[in-house]
Amino acid sequence: MGVSHTTIAPSDFRLFVHDVSLIVADGSVVPVTLHDDDPWQADGVALLDFENGSGVCDNGTPEMRDSIVGDVPLTPRQRVTGLRFTLGVPASLNHHDITRQKSPLTLSQMFWAWKTGHKFLRVELSTTASSAVIMHLGSTACAPGPQPGSVSCGSPNRPVITLDGFDVRRDRVVVDIGALFKDLDLESANGGCMSEPDNPVCAPMFAALGLPFGAQTAPGRQAVFRLEHPGATRQ
Amino acid sequence: MIGLSRPAVLGAAAAAAFAFLAGAASVDGAPRPPIARRTFVWQLPAGFPQPKVPADNPMSDEKVLLGRHLFYDKRLSGNGTFSCASCHQQARGFADTLAHAVGSTGQANRRNSMGLTNVAYSPVLTWANSLQRALESQALVPMFGELPVELGLAGKEKELIARLDGDPRYRRMFARAFPADTGGISLIGITRAIAAFERTLVSGDSPFDRASRGDSAAMTASARRGQQLFFSERLECMHCHGGINFTGTTDYVGKGFAEIEFHNTGLYNVDGKGSYPAGDQGLKDITNRDADMGRFKAPGLRNVAVTAPYMHDGSVRTLDDVVAHYMAGGRTIPDGPFEGVGSANRYKSGFVKGFTLSDGERRDLVAFLVSLTDSTFLTNPRFANPWPDTSGAARGLKKRSGSR
């Protein structure tokens, strides 16, 4: 993995998504109403969890989750052509005391208490050269907002992911951490990236997610999420 | 009564005052009128305003007692070796003596442990975080922070609850502290009880306070001269260290406006462009605004003589060295990785201009700061470890081999 083709062992892999919708043939966007599905989904936010709390992932949780459950009011004439969702936790839910929130926003490992915001994406891995390379995505450049108790962030870091050609009956979404780290040298990742605006290690992962980073503008498309037919890959 | 500044808060206070304990019966078996829960009484020094309390966490004696047990309990760390009190020691004004705090796994923090003296009056918490507004949510930082690890509880919420639930004393204390909550021991209860205990840590019986109340013999002549210097326009100390707790960042019931200040004091200037060392640039680490470079909250100065070393990173050893820093209007580091002339920091507060003091005046100023030491507070049994054994009640916690 990465520019030095480093052998890695993943030790954590979790992410939040929200604002899930389907795009239909006439171009309109139909929101999916996510079920409240304790402990995985609440208030329109879903956790996806690809670690099993054992082995090198033993700091995690045994429960795993690879799906999102919701309703979408499609008419028989509406043909689905795409899938859209936002990576992360919406701003309105992102800066609260987690002891007062509903699961999955209660997870301490998916929260930056210090920055009073959630980690939108948490990927950690170990390499032979380095004990840990981490990628924690979350909002930065934050300051108290105009309303009492509100917070506004200069770098929200919530990529909107649009996947064209979605076959709602067959396709599944792949989250590819190989693509996330493709342009990073994992041999010299220096601990990794916690979304610090001045940490150059973050730049390739932000680009892979389709996000701007510092002076680096957002690339045209993200590379981390793609659609896959069971049994065959397609872009 | 608790927090009378807003109708919503008034409602919560009334609810606390008229909650009833269930299960009381008279000797003859006829129902006895329910016993009104005691209204919480602040034990504040004379003339001290009442701390503000969040509407959803009213004070009660039962909650404070629970919070005190939790604060001193090593079961509140992942590996059972640390409690809040490991870094927040009563004899040190609830700070410690290290330059950089060290957590339960041995990992060093970038910052100096902040004292908790009169923390109830602080509308913003920690050294430099404009977002951190309540003790309830601040408690999550040491509990669950991973970079650095402090108490090391990230991902161990269920284990923590199970540990406490295994102790009948906690089941009793939680039931009494949260009588309306039938859900048993919870994370929300833990942080609320700890916050309630922290709000009781009020110091106001130092020689300075006793002199202010009319005991003219309480302060030495040197300390009284130092007080004059401290409050002079020549030194400007009080601009950032004013108010009841000697910090501009203060709020309380009836104050009208919460005041929150962050200042760059010229401690560093590593690149000649005002930068503080990478890895800790104060408020800029939160906001990413250049103007916030090196801005930190002026800490309150009560009990400051027992909290050495000083500054956000413990890089100043003694109070006399602190005075030298402000006399010079910033610190010059002649060589090494942090070389630079702090007094020329472009982001420096306008109040840090430098001044000259005679050796005698310098001793007087330090004597004034020492007169803020409240030995009643530092030894008050109300704030001490409530557990009978000094191990901090780590009993019953099995060490898992290989766990951090």
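Select chain A to begin: its secondary structure comes to three helices and 18 strands, where helices (H or I, at least four residues) and strands (E, at least two) are DSSP runs numbered from the N terminus. The model is predicted, so local features need pLDDT of at least 70 and side-chain atom pairs count only at pLDDT 80 or more, while totals for chains, interfaces and linings use all residues. Residues are numbered from 1 along each chain as its sequence is written, chains are lettered from A and ligands numbered from 1 in the order in which they are written, and side-chain values use heavy atoms, with hydrogens and water left out.

Keep chain A in view as a whole. The C-alpha trace spans about 55 × 50 × 40 Å along its principal axes. The radius of gyration of chain A, 18 Å, agrees with the value near 18 Å for a compact globule of 235 residues; this radius is taken over C-alpha atoms, and the globule rule is 2.2 Å times the number of residues to the power 0.38. Of the 235 residues, 51% are buried, that is, under 20% relative accessible area, with exposed meaning over 50% and partly exposed in between (1.4 Å probe, protein chains only).

Next, select A:Cys142 and A:Cys153. These two residues form a disulfide with sulfur atoms 2.1 Å apart; a disulfide is a pair of cysteine sulfur atoms within 2.5 Å. A:Cys142 lies in strand E12 (residues 140-144) and A:Cys153 in strand E13 (residues 151-155), so the pair ties together parts that are eleven residues apart in sequence. The link is right-handed, with 105° about the S-S bond. A:Cys142 counts as buried because its relative accessibility is 2%.

Move on to A:Cys193 and A:Cys202. A disulfide joins this pair, with an S to S distance of 2.1 Å, and both cysteines are buried. The link of A:Cys193 and A:Cys202 is right-handed, with 105° about the S-S bond. Counting bonded cysteines along the chain, the disulfides of chain A follow the pattern 1-2, 3-4. A:Cys57, by contrast, is in no disulfide; the nearest cysteine sulfur, that of A:Cys193, is 20 Å away. A:Cys57 counts as buried, at 11% relative accessibility.

Finally, turn to chain B and select B:Cys240. B:Cys240 is buried, with a relative accessible area of 11%. Over all chains, the count of disulfides comes to two.
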